[in-house]
Amino acid sequence: MREIRSAGSARGDGHKRTTARLVPTHHTLPHSELLKSVARRVVDGNMLHLIKMWLEAPVEETDERGNKRRSTKNRDEGRGSPQGSPISPLLSNLYMRRFVLGWKKLGHERRLQAYIVNYADDLVICCRSQAEEALATMRNMMSKLKLTVNDTKTRVCKLPEEKFDFSGYTFGRCYSPKTGRPYLGTTPSKKRVQRICKAISQETGRNKTLLAQETVITTLNRMMIGWANYFCLGPVSKAYRAIERHARKRLRQWLCAKHKLRGQGTKQFSITALHQVLGLVELTTRTSLPWAKP
């Protein structure tokens, strides 16, 4: 966050800062080079063999008709890592260390005044100018590392005029609710808000009416609290309120379907009843935390 703040200014003084959001994908993670990086840190031959087997393991997929198909693409091409596995981000970060160290040792950081912030296969290069040159340099280094840049998710973004998403947050110009002054900050991205709302809808569908209401509310609370524990930086009240409204609406609909009640359930299940009686969590009360802004 500190590096991203230094790449732009939202003071409204007319000065422009340039940042580039660059997102390479690691579906093409080369096995040979990756295992060399792992071998520098792991000396156990059995463990290295296990990691190699895991990288080359076939992937089984089921199509719409229920037919199963097994793919050995990773083994045949000698590249790629299984997505969704907890070790995939670790290996991606490990191999990306080559790029981060090379960026510094080759002098690109000092020459371009461009600083890298990355997690797994997502990265942002923050610089005050020469963003296009930084982008070209990054592409050249990625090709030498045998990594593919995702062109649809790679762009140059000027702060604070524009915004960009990274690690679930939207970075851009925010305004202080007390003074109205602009500053460069973060808010939960719309996609992440929509994703948690979709998950809430799935947990309160009509196919869940056989479950006990305590079970459903406990599940919703766990999901919402977990989401809020991550998205607690910057102005979060707007996102919290949107999620709360959606959770209340979906829970009312679920309760009406479960108890076979007509209407929207606003009288039977008021806001007070949902939160104080049934125990649905109130995310907006969490903005009292020192790092969560109203």
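A salt bridge is a side-chain nitrogen of Lys or Arg within 4 Å of a carboxyl oxygen of Asp or Glu. The model is predicted, so local features need pLDDT of at least 70 and side-chain atom pairs count only at pLDDT 80 or more, while totals for chains, interfaces and linings use all residues. Residues are numbered from 1 along each chain as its sequence is written, and side-chain values use heavy atoms, with hydrogens and water left out.

**Whole chain**

Start with the chain coloured by secondary structure: 11 helices and 13 strands are present. Helices (H or I, at least four residues) and strands (E, at least two) are DSSP runs, numbered from the N terminus. Of the 294 residues, 42% count as buried; buried means under 20% relative accessible area, exposed over 50%, and partly exposed in between (1.4 Å probe, protein chains only). Among contacts in the chain with a separation of 6 or more, 64% come from residues 24 or more positions apart. Contact means heavy atoms within 4.5 Å.

**Salt bridges**

The structure holds 6 salt bridges. Select Lys 146 and Glu 33 to see one of them, with 2.9 Å from N to O. Lys 146 lies in the loop between helix H7 (131-144) and strand S7 (148-149), and Glu 33 in helix H2 (residues 31-39), so the pair ties together parts that are 113 residues apart in sequence. Glu 33 is buried at 16% relative accessibility, whereas Lys 146 is partly exposed at 41%.

Next select Glu 133 and Arg 111, whose side chains meet in a salt bridge of 2.5 Å, N to O. Glu 133 belongs to helix H7 and Arg 111 to helix H6 (residues 108-112), so this pair ties together parts 22 residues apart in sequence. Glu 133 is partly exposed at 35% relative accessibility, and Arg 111 is partly exposed at 42%.

Then move to Asp 76 and Arg 75, a salt bridge in which the closest N and O atoms are 4.0 Å apart. Asp 76 is exposed, at 57% relative accessible area, while Arg 75 is partly exposed at 46%.

**Helices H2 and H3**

Return to H2 and show it with helix H3 (residues 45-56): the two pack at an angle of about 150°, with axes 11 Å apart. Axes are lines fitted to C-alpha atoms, for helices over the stretch in contact, and angles run from 0 to 180 degrees between N-to-C directions. H2 is therefore roughly antiparallel to H3 (under 35 degrees is roughly parallel, over 145 roughly antiparallel, 65 to 115 roughly perpendicular and the rest oblique).

For the contact itself, select His 31, Leu 34, Leu 35, Val 38 and Ala 39 in H2, which meet Leu 48, Ile 51, Lys 52, Leu 55 and Glu 56 in H3. These residues divide into 7 nonpolar, 1 polar and 2 charged. Ala, Val, Leu, Ile, Met, Phe, Trp, Tyr, Cys and Pro count as nonpolar, Asp, Glu, Lys and Arg as charged, and the others, Gly among them, as polar.

**Two buried residues**

Stay on H2 and select Ser 37. Ser 37 is buried, at 2% relative accessible area. Leaving out residues up to four places away in sequence, Ser 37 touches Leu 94, Tyr 95 and Arg 98.

Finish at Tyr 240 in helix H10 (residues 237-259). Tyr 240 is buried, with a relative accessible area of 1%.
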